[in-house]
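Student: I have a protein model open and would like to learn to read it. Can we go through it together?

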Amino acid sequence: DYSFYKKDDPYNSNPQINDAFLRTAGIGLTIDPNTYKYIDFGDGDESRFRETDYPKLTLGYEITPVSFGSTYEYRKYTAELTGINSFGRFINLDYRFGAVYMNGNVPFQSLGYFVSSPVLEVSKYSFRTLKFREFLGDKVYFANIENNFSNIMFSFIKPIRKWEFIGFGNFGKTEITNSNYDLASSKNFTVTDS
């Protein structure tokens, strides 16, 4: 219950979850049309690098049926399009667009959310300004866009000329049905209104 950065902020206990037993089965499909090359270093190590810049599509489907012994029955569909494209020295886009759709009785602990960064690490494709699971819903739409502008701002200052300027933008929307909101054991979360 203490933070070096926010010494005066009280930290709440974890929210109450729906008392449930969940068994989930799922399947995923990744479509990656890119061409890859390999470098074999002769010692068993290989490095793989991409030759083309096509986006990658990842699809997922999960089911949590009552017939498997689960307390709640719901289905989860996911889709993500990720890619990296460069257009010259200062435009190096790294992006992810996606959606999560759930139908059925989704317990609080399984609701969809925006991926946020851990405190000490900035992970790729994350909402860096949000709290963990701050926005929840059974429908989640998101876009994460990052651009590496290279050393455009720092190239003339000797001690920091190798630093890079990276800008990012996160866009997202969550929705929740009335039945899943009523089912949630904790109402201490936000749903986006625009």
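Tutor: We will take salt bridges, then aromatic pairs, then surface charge. This is a predicted model, where local features need pLDDT of at least 70, side-chain atom pairs count only at pLDDT 80 or more, and totals for chains, interfaces and linings use all residues. Residues are numbered from 1 along each chain as its sequence is written, and side-chain values use heavy atoms, with hydrogens and water left out.

Student: How many salt bridges does the rule give?

Tutor: The rule asks for a side-chain nitrogen of Lys or Arg within 4 Å of a carboxyl oxygen of Asp or Glu. Here the count is three. One of them joins Glu 80 and Arg 96, at 3.3 Å from N to O.

Student: Which strands hold Glu 80 and Arg 96?

Tutor: Glu 80 is in strand 5 (residues 74–86) and Arg 96 is in strand 6 (residues 92–104), so the bridge ties together parts 16 residues apart in sequence. Strands are DSSP runs of E, at least two residues long, numbered from the N terminus.

Student: Are these two residues buried or exposed?

Tutor: Buried means under 20% relative accessible area, exposed means over 50%, and partly exposed is in between (1.4 Å probe, protein chains only). Glu 80 is partly exposed at 25%. Arg 96 is buried at 7%.

Student: What about the other bridges?

Tutor: Arg 50 pairs with Asp 53, with closest N and O atoms 3.8 Å apart. Arg 50 is partly exposed at 27%, and Asp 53 is partly exposed at 40%. Lys 139 bridges to Asp 138 at 3.7 Å. Both Lys 139 and Asp 138 are buried.

Student: How many aromatic pairs are there?

Tutor: Rings of Phe, Tyr and Trp (its six-membered ring) pair if their centres lie within 6.5 Å; planes under 30 degrees apart are stacked, over 60 edge-to-face, and the rest tilted. The whole structure has eight such pairs. Among them is Phe 114 with Phe 135, tilted, at 6.1 Å centre to centre and 55 degrees between the planes. Both lie in the loop between strand 7 (112–113) and strand 8 (136–137), 21 residues apart. Phe 114 is buried at 5%, and Phe 135 is buried at 17%. Elsewhere, Tyr 61, Tyr 77 and Tyr 101 form one aromatic cluster.

Student: Which residues gather in the patch of negative charge?

Tutor: Asp and Glu count as negative. A patch takes residues with over 30% relative accessible area and no salt bridge, joining like charges within 9 Å. Here Asp 40, Asp 43, Asp 45 and Glu 46 gather on the surface. Asp 40 sits in strand 2 (residues 36–40) and is exposed at 53%.

Terms used:
Patch = residues over 30% accessible without salt bridge, like charges linked within 9 Å, V, L, I, M, F, W, Y side chains within 5 Å. Areas by Shrake-Rupley, 256 points an atom, 1.4 Å probe, with all protein chains shown as cover. Charge placed at Lys NZ, Arg CZ, Asp CG, Glu CD. Helix = DSSP H or I, 4+ residues; strand = E, 2+ residues; numbered from the N terminus.
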